[in-house]
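Please keep the structure open while you read.

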Amino acid sequence: MRRNNIDISFLIIVLILASNSIREGAFSDPREWLIDKLLIVPGIIIALSFHEFGHAVVAYKLGDDTPKLQGRVTLNPAAHIDWIGLAALFFCGFGWGQPVQINPYNFKHRRRDELFVALAGVVMNLLLAVAFTLIAKIYLMAAGDAWISSSTIGYGIWEMIYFVIEINLVLMIFNLIPCPPLDGFNILAQIFGFGDTETYWKIYRYGNWILVLIIITGLTGRIITPCIQFFMNIVWQFLF
């Protein structure tokens, strides 16, 4: 998810969803809830950092030095993490990093290059999911299913790898929703050629409200859940 600012209404929605998450998980089994959340943290940091790095490095390679000048062409999480976005992903299951700023006038082929930049984040998340699926397979073959199942450390490592895969898939699918300020909207705008029009900015102006609406109505869950199940079934078939 890429955004330039978050209005108060959006923060309220994040707080409501976070409160529901804590109430449903922490009150039923606080210890297990906390352990699961801590195991998710590496996956969140990796997914957000690589996602924003993808935007930055592609923009830079295509001729825009803005991300380079702002120190964004790096995998250092400190350059990409937005602490509110990190907390939102931790508690709510969706989040964002610091948006990568670009100057599209530096591109030789503006529409094409903006499309590549918009796609870069979700492609990076897909590549990470594939890479960690291979890591999971190697770990499973090397350590053995029996040891992973019986060892607290072994199972903890397995869960962290699993969460990296799942979070990258969630971030990829969520960002492909064609609603501003998500990457999916920018991808759609470049494909259909309205990325630099008044229509684009009119829709973008109300993007947070539209996103809030589809989140609180549960539409995002109906989109993301079946997609995650589809991809995780492929991962599971490969692993076992």
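A helix axis here is a line fitted to C-alpha atoms over the stretch in contact, and angles between N-to-C directions run from 0 to 180 degrees. Please bear in mind that this is a predicted model.

With that in hand, take H5 and helix H11 (residues 219-239): their axes come within 10 Å and cross at roughly 30 degrees. Angles under 35 degrees count as roughly parallel, and H5 and H11 are therefore roughly parallel to each other. Their crossing is right-handed. On the H5 side the contact involves Thr133, Leu134, Ala136, Lys137 and Leu140, and on the H11 side Val235, Phe238 and Leu239. Sorted by class, the contact of H5 with H11 has 6 nonpolar, 1 polar and 1 charged residues.

## H5 on its own

How far apart are the end C-alpha atoms of H5? They are 49 Å apart, which agrees with the 50 Å that the 34 residues of H5 should span at 1.5 Å a residue. H5 also has a bend of about 35 degrees, located at Ala120. Just after H5 comes Gly144, with a positive phi of about 90 degrees.

## H5 against H2

Another partner of H5 (residues 110-143) is helix H2 (residues 30-61); the two pack with axes 8 Å apart, at an angle of about 135 degrees. H2 and H5 are therefore oblique to each other, and their crossing is right-handed.

Which residues of H2 and H5 meet? From H2 come Ile46, Ala47, Phe50, His51, Phe53, Gly54, His55, Val58 and Ala59, while H5 brings Phe116, Val117, Ala118, Ala120, Gly121, Val122, Met124, Asn125, Leu128 and Phe132. This contact of H2 with H5 holds 14 nonpolar, 5 polar and no charged residues. Ala120, where H5 bends, is among the residues that meet H2.

Helix H8 (residues 183-192) and helix H9 (residues 198-205) have axes that come within 12 Å and cross at roughly 165 degrees. That makes H8 roughly antiparallel to H9, and the crossing is right-handed. Phe185, Asn186 and Ala189 of H8 make the contact with Tyr200, Ile203 and Tyr204 of H9. The contact of H8 with H9 divides into 5 nonpolar, 1 polar and no charged residues.

One backbone detail is worth a look too: the peptide bond from Pro180 to Pro181 is cis, with omega near 10 degrees. Pro181 sits in the loop between helix H7 (152-175) and H8.

Terms used. Residues are numbered from 1 along each chain as its sequence is written. This is a predicted model: local features need pLDDT of at least 70, side-chain atom pairs count only at pLDDT 80 or more; totals for chains, interfaces and linings use all residues. Side-chain values use heavy atoms; hydrogens and water are left out. Helices (H or I, at least four residues) and strands (E, at least two) are DSSP runs, numbered from the N terminus. Angles under 35 degrees count as roughly parallel, over 145 as roughly antiparallel, 65 to 115 as roughly perpendicular and the rest as oblique. A crossing is left-handed if the near helix is turned anticlockwise from the far one by less than a right angle, and right-handed if clockwise. Contact means heavy atoms within 4.5 Å. Ala, Val, Leu, Ile, Met, Phe, Trp, Tyr, Cys and Pro count as nonpolar, Asp, Glu, Lys and Arg as charged, and the others, Gly among them, as polar. The expected span of a helix is 1.5 Å times one less than its number of residues. The bend at a residue is the angle between axes fitted to the seven residues ending there and the seven starting there.
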